[in-house]
Amino acid sequence: MNDFVTRFLSAAEERPGEVAVIDPDGRTTTFGELRRLALEVSAGLRAEGLEPGDGVLFAVRNSARAIGLFLGALRAGAVLISADTAVGPELVSARLRACRPRWLVAESLFYTTSVVGPARTFCRRRGWPVPDLRQPIGDPGIRHVHIGRRLPGVPRAARSLKDLLGREPGAAPERDPDAPALIVFTSGTTEQPKGVVHSLRSLTAAVTMLGEHLPFAPGDVMHADGIMAGLPALLGGARLSLPKPSAPPERFARDLAERRVTHAYGVPVHLAEVFGVLPEWPGHVRHLVMGSAPAAPAVLRQAMAAVPAGQVLSIYAMTEAIPLAVARAEDKLAHIERGLPGDLLGTPSPGVTTRIAEDGELLVSAPNACLGYLGAPPLAELATGDLARLDEAGRIVMTGRKKDMLIRGSYNIYPGLYEPSIALLAGVREAAMVGTPDPVTGDESVVLAVVADGDDADPARLVRRLRKQLPELIDAEAVPDRIVVLPELPRSGRSRKLDRGRLRELMTASRP
């Protein structure tokens, strides 16, 4: 199988002197340097005793070095396990019990922030994401590789990344392309951690499909945060520009100009902030890709105005399958403005087969779909959790989230069916509907939370206007019992998706 690791090594060999990656701090790494790092990491891990199928907990911030480690570990036969920076020690322990890694590859700083309490507190109070590695550090069965100089907390027996380098690469070990290669935990509890398991085959399909939607050529520059989002650019001979995590929108805007970016990726909420400081982007930006969360009509318009001569795409994807469908921004906006219900997700990616279940849930099968969930049987079909329909052109239209459904009497309310239309109303930037259970009847009270479009909007006046407009806009059964104007909607995770659970908590706590 010509997997994406092998393809990268071949592509990099053709242009060793060209810049492959620009790190968040501006440092550059050539294709030749990145290729050599991947090969030496692979050889070093094998020499240190890594066997194909060994789990490797991976705690390295996005950088050229992280990409080299990622590729090298996969070439050596490792099963990479992504370390999460947003969970506490109990959930970390539960996840590690489920996947049982034999190795931990981490930055030296993360060892320190994990075992030195004041250092961990200092970082988290400032909003710096650091993983909690106390449990794996204390596990005598786990071998350690630290990156950077030895700091307090790094185990005495840990090997340095430098110790792995300098060996002759040799041939890669034989690997079953359908065996686990990557585990990413998305949710779950301490009793049932939910780990998404991908194979080398499904990851290769994902990278290939992304490259088909957004073709790259030498000379292009992709500005994207994340290894999987950046690999299609590298395979196409383009340069990957990594943004600084949690950087202000002014920094993102400056990078677009200084790094001569041609392709940019971001989540709608963050991009909206960038549009606020840079409404019109440099002419060399030809492609803008939005993903991870639905985009409000106002953000779609801003995106199209930012790159008027370029292409704006919205990618529908899950951790379980990247990508599933792609839509052009103008098509999404036209769908909303025509008054059609739901969120247009777009045409299924090549190879993606869709089916609508009896309850309306979108089911898919695809070459880029994960093997399944850790500890569970393999999946023959992926349940997306999204309620959807297919339009006359065969495009996917999401009508709501299965778990977000509200029940009022005998009527089922799907927020995703109404939120795009409400967000189109004058004075509304974003809209989200949640239900708060009635303590007596158990029925759900429907609450609409909106973010005003404009700093000088009068919340009370906006609520009064919405009270008049909504009965003419949405189903009578879905008209909210309460409308609340918030400065912003609660978000979670790196992709800053709407946190409906947190919003529901806020609305329940503020119930009159």
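This note sets out several local features of a predicted model, point by point.

1. The pair of helices α1 and α2. Helix α1 covers residues 4-13 and helix α2 covers residues 31-47; their axes come within 8 Å and cross at roughly 140 degrees. Accordingly, α1 is oblique to α2. The crossing of these two helices is left-handed. On the side of α1, the contact is formed by Phe 8, Leu 9, Ala 12 and Glu 13, while α2 contributes Phe 31, Leu 34, Arg 35, Ala 38 and Leu 39.

2. Helix α9. This helix runs over residues 200-213, which gives it 14 residues. From its first C-alpha to its last it reaches 20 Å, close to the 20 Å expected at 1.5 Å a residue. Which residues of α9 are buried? They are Leu 200, Ser 202, Leu 203, Thr 204, Ala 205, Ala 206, Val 207, Met 209 and Leu 210.

3. Helix α10. Helix α10 spans residues 227-235, and because eight of its nine residues are buried, it is largely enclosed by the rest of the structure. The buried residues are Ile 227, Met 228, Gly 230, Leu 231, Pro 232, Ala 233, Leu 234 and Leu 235. After the helix comes Gly 237, which has a positive phi near 80 degrees.

4. Two arginines with positive phi. Arg 100 has a phi near 50 degrees, a positive value in a residue other than glycine. Its place is the loop that joins α4 (89-99) to β5 (103-107). Is Arg 100 buried or exposed? Its relative accessible area is 64%, and a residue over 50% counts as exposed, so Arg 100 is exposed. Arg 260 also is not a glycine, and its phi is positive at about 55 degrees. Arg 260 belongs to the loop between α11 (249-258) and β12 (263-266). With a relative accessibility of 53%, Arg 260 counts as exposed.

5. Where does Arg 149 lie? It is in the loop between β6 (143-147) and β7 (159-160). Its relative accessibility is 66%, and therefore Arg 149 counts as exposed. Arg 149 and Ser 108 are 41 residues apart in sequence, yet their C-alpha atoms are 6.7 Å apart in space.

6. Ser 314 in strand β14. Ser 314 is placed in strand β14, which covers residues 311-318. Its relative accessibility is 10%; the limit for a buried residue is under 20%, so Ser 314 counts as buried. Leaving aside residues up to four places away in sequence, Ser 314 touches Met 290, Ala 325, Val 326, Ala 327, Lys 332 and Leu 345.

7. What is the form of the peptide bond from Ile 322 to Pro 323? This bond is cis, and its omega is near -15 degrees. Pro 323 is part of strand β15, which runs over residues 321-328.

Methods: Residues numbered from 1 in each chain as written. Predicted model: local features only at pLDDT ≥ 70, side-chain atom pairs only at ≥ 80, totals over all residues. Heavy atoms only, no water. Helix = DSSP H or I, 4+ residues; strand = E, 2+ residues; numbered from the N terminus. Buried < 20%, exposed > 50% of the residue type's maximum accessible area, 1.4 Å probe, protein only. Contact = heavy atoms within 4.5 Å. Expected span 1.5 Å × (residues − 1). Axes fitted to C-alpha atoms, helices over the stretch in contact; angles between N-to-C directions. Parallel < 35°, antiparallel > 145°, perpendicular 65-115°, else oblique. Left-handed = near helix turned anticlockwise from the far one by under 90°.
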